[in-house]
Amino acid sequence: MFSEISDDLKKRLKKQLPSTTINDLKKELNEIIKKRETKFFFKKEVIIVGSFSVFLLISLICARVFSDSHSPTTFFDVVNNLTTPVISSFAVYAAFKAYWFQQKQLNIQKNQTAKQSIENQFFQLINLHNEIVNSMHSSDEKDNNGNNVTGRPYFRKVYQKFIAYFNEDNSSSKNKYFSIMRRIDNEEQDQLYHYFRNMYQLFQCVYKNQELLSEKEQKSYVEIINAQLTYYEKQLLFFNTKFYGSDGFFEILTHYDFFRDYDNGDYSSIISKFENEANRNKKQVCCSKKMEECLQNQKEKRCAKKEEECSQS
């Protein structure tokens, strides 16, 4: 029933109601549909059986009235002539119901097989995702021990680079994020391309099978994906899909409210939080530079005081 609602109304509901309320509404509607289908099936069977019983009773009465009371053979002939077509029809109906039930069981089996195939594909993509993440590395970024940054820490380094490029760009253009992501993509394409493509396939695996998967099953798969990602991965995924990608990936993420944990509905909160984070980073970089200049020209105590003043500004 919920699937029959127009897309426009669905979008308005998602904006005005929390996702938990929408899920509860879907469950209630599905329960109502199931109850109606059960009642209809039960009523139909009762009507058929009742009609057959009434017809059989009427047939017996008619046979008794119109047959020769002294000839039992005539009575049974009349009953046979009246009931045979009905019994034959009932047998055909019973055969049809048996065929229908068998087809229903086959469809259930097919759905279970299809769901098993989806599950296998999904977890293969999850394994591939983890392999891709573990293979990520940056040759121009070093950790505290002087080694190349590999694995999940790689995304923290890329995110820091993203912030640095944002602070370098003083333009207020709407294409600012697009320009930054393109710059990141040009520098990290050999690493990020496979990562984002596999991530897209993960969500597609769930999204394209909506007819087979229930709302609960889809939510469960999306939560598994969510559990694989760090904060830095989610941030890069948001800015990449919203401002740089053009394959409908962001619409799929929006469909599943993937960024709902730290968003107010129009994604402005994610952007404002990022910009505040970038501004704090800019101040820290500025303070560090002033501290270095101070240490080169003045005494350490005066520099410590200046550093404190800078951090408070």
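**Notes on a predicted, mostly helical model**

1. Let's start with a space: the second largest pocket holds about 270 Å³. A pocket here is an open set of points on a 1 Å grid over the protein atoms alone, where a 1.4 Å probe fits, with protein on both sides within 12 Å along at least five of seven lines. Its volume is the space filled by probe spheres set on the points, which are joined across faces, edges and corners.

2. Before going on, a word on the source: this is a predicted model, where local features need pLDDT of at least 70, side-chain atom pairs count only at pLDDT 80 or more, and totals for chains, interfaces and linings use all residues. Residues are numbered from 1 along each chain as its sequence is written, and side-chain values use heavy atoms, leaving out hydrogens and water.

3. So what lines the second largest pocket? There are 16 lining residues, with Y193, F196, R197, N240 and Y244 nearest the centre; lining means having an atom within 4 Å of a point. α5 (176-207) gives the most, 9 residues, and α7 (231-243) supplies at least two. By type, the lining has 8 nonpolar, 5 polar and 3 charged residues (nonpolar: Ala, Val, Leu, Ile, Met, Phe, Trp, Tyr, Cys and Pro; charged: Asp, Glu, Lys and Arg; polar: the others, Gly among them).

4. Stepping back, the protein has 10 helices and 2 strands. These are DSSP runs numbered from the N terminus: helices are H or I with at least four residues, strands E with at least two. Of the 313 residues, 30% are buried (under 20% relative accessible area with a 1.4 Å probe, protein chains only; exposed is over 50%, partly exposed in between).

5. Now the largest nonpolar core, which has 50 residues; F162, Y195, M199, F203, L237 and F259 have the most contacts inside it. α5 gives the most to this core too, with 13 residues. Such a core is a set of buried Ala, Val, Leu, Ile, Met, Phe, Trp, Tyr and Cys residues joined through side-chain atoms within 4.5 Å.

6. Which residues does Y195 touch, beyond its neighbours within four places in sequence? They are H129, I132, V133, M136, F155, L229 and E233, where contact means heavy atoms within 4.5 Å.

7. Last, have a look at D257, in the loop between α8 (249-255) and α9 (268-297). Phi of D257 is near 50°, a positive value in a residue other than glycine. Most residues other than glycine have a negative phi. At 25% relative accessibility, D257 counts as partly exposed.
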